[in-house]
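Hi,

Here is the structure I promised to pass on. My notes on it follow below; have a look whenever you get a moment.

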Amino acid sequence: MIHVLVTGAKGQLATCLADVSQTFPSLNCSFTSREMLDIAHKEALQDYFKSNPVDYCINTAAYTQVDQAEKEIEKAFAINKTAVGNLATVCLQHKVRLLHVSTDYVFDGTKTTPYSEGDTPNPINVYGRSKYEGEQRLAEILPEHFIVRTSWLYSQYGQNFLTAMLRFASEEKPLKITTEQLGAPTNANDLAKALLHIISQQSDRFGVYHYSNAGSATWFDFAKAIFEESGKIETVNLAQTDHYPTFAERPKYSVLDNSKICNTFAMQTVPWRYSLQQLIKNMNI
Ligand SMILES: NC(=O)c1ccc[n+]([C@@H]2O[C@H](COP(=O)([O-])OP(=O)(O)OC[C@H]3O[C@@H](n4cnc5c(N)ncnc54)[C@H](OP(=O)(O)O)[C@@H]3O)[C@@H](O)[C@H]2O)c1
């Protein structure tokens, strides 16, 4: 039995991991929320790892509010950089392999073809900087790590683009969604499966990987697809805009090249529209 610790248990990815882990009988997964295990507290981490068996840790805990991070710089770095370093240290001491989730926002968006792991990050907002420096801190401390960068996560759980659009649809307000950025919407359930698949292979091909659903879309394309798949496109008042001002700047292009993860771990990525369709079908909206 492989013992897996998942941090940040109340977040959307961790909640998907809890569901998906039921289909991986060889993995014994434990889930800790911030209240149970705050990764910013070194002693709490030490105590947990001393008293519980852990072979792999999946770190989903993060400061994820992209706009708010511009104002809460210290808080973002404390969780996304310093705490990730704490976790890496304790993993090193206890011979635990760490799968850490990172973001497409480490890139500046100036490319026009998918970003591969060899491309140099150059984050353009505080959140992206804190995540990139967290990656670097981790890699300095712990050789046995997998950093998995993903993009535009959504799921049936919590606050995300899918749940926000479904809520707006019922409010009948006009909606203007931007065409300014191109990325890959990624179903967090698919990412959860990919992370557990990597662990179940017990591979030692450590390093940085990109994982998203296949294809690309603007936020407007994504919104339109949500309304089409949920049967609300006729009733919703949806328009596109080429600029939607936000507090934090975002990369204009952040599509990830998934070929390394697919080739290394013998997996395939699902087209984003198909995955969205399946999830909405299962949600019985
Ligand atoms: N969401 C996206 O679009 C997206 C895109 C690319 C990459 N990612 C990355 O994917 C990962 C998972 O994202 P997500 O969407 O699941 O995020 P999420 O829903 O915001 O979940 C993050 C969780 O981490 C917890 N947390 C924060 N600080 C903590 C601490 N010090 N100790 C323990 N737990 C703590 C949060 O708890 P509280 O609620 O108590 O703060 C929250 O439950 C993150 O690394 C994120 O950077 C996300």
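A residue is called buried if 20 or more other C-beta atoms lie within 10 Å of its own, exposed if 12 or fewer, and partly exposed in between, with C-beta atoms placed from the backbone. Please keep in mind that this is a predicted model: local features need pLDDT of at least 70, side-chain atom pairs count only at pLDDT 80 or more, and totals for chains, interfaces and linings use all residues. Residues are numbered from 1 along each chain as its sequence is written.

Let me start with the backbone. Most residues other than glycine have a negative phi. Trp152, not a glycine, has a positive phi of about 45°. Trp152 counts as buried because it has 24 C-beta neighbours inside 10 Å, and it is found in the loop between β5 (145-150) and β6. (Helices, H or I of at least four residues, and strands, E of at least two, are DSSP runs numbered from the N terminus.) Ala266 also has a positive phi, about 50°, but Ala266 is exposed, with 9 other C-beta atoms within 10 Å.

Next, helix α5 (residues 161-171): its buried residues are Leu162, Met165, Phe168 and Ala169. Seen down the axis, they fall within an arc of 125°, so they line one face of the helix; the arc is that of the directions from the helix axis to the C-beta atoms. Arg167, Ser170 and Glu171 are exposed on the other side of α5. Glu172, which follows α5, has a positive phi near 60°.

Happy to chat about any of this!
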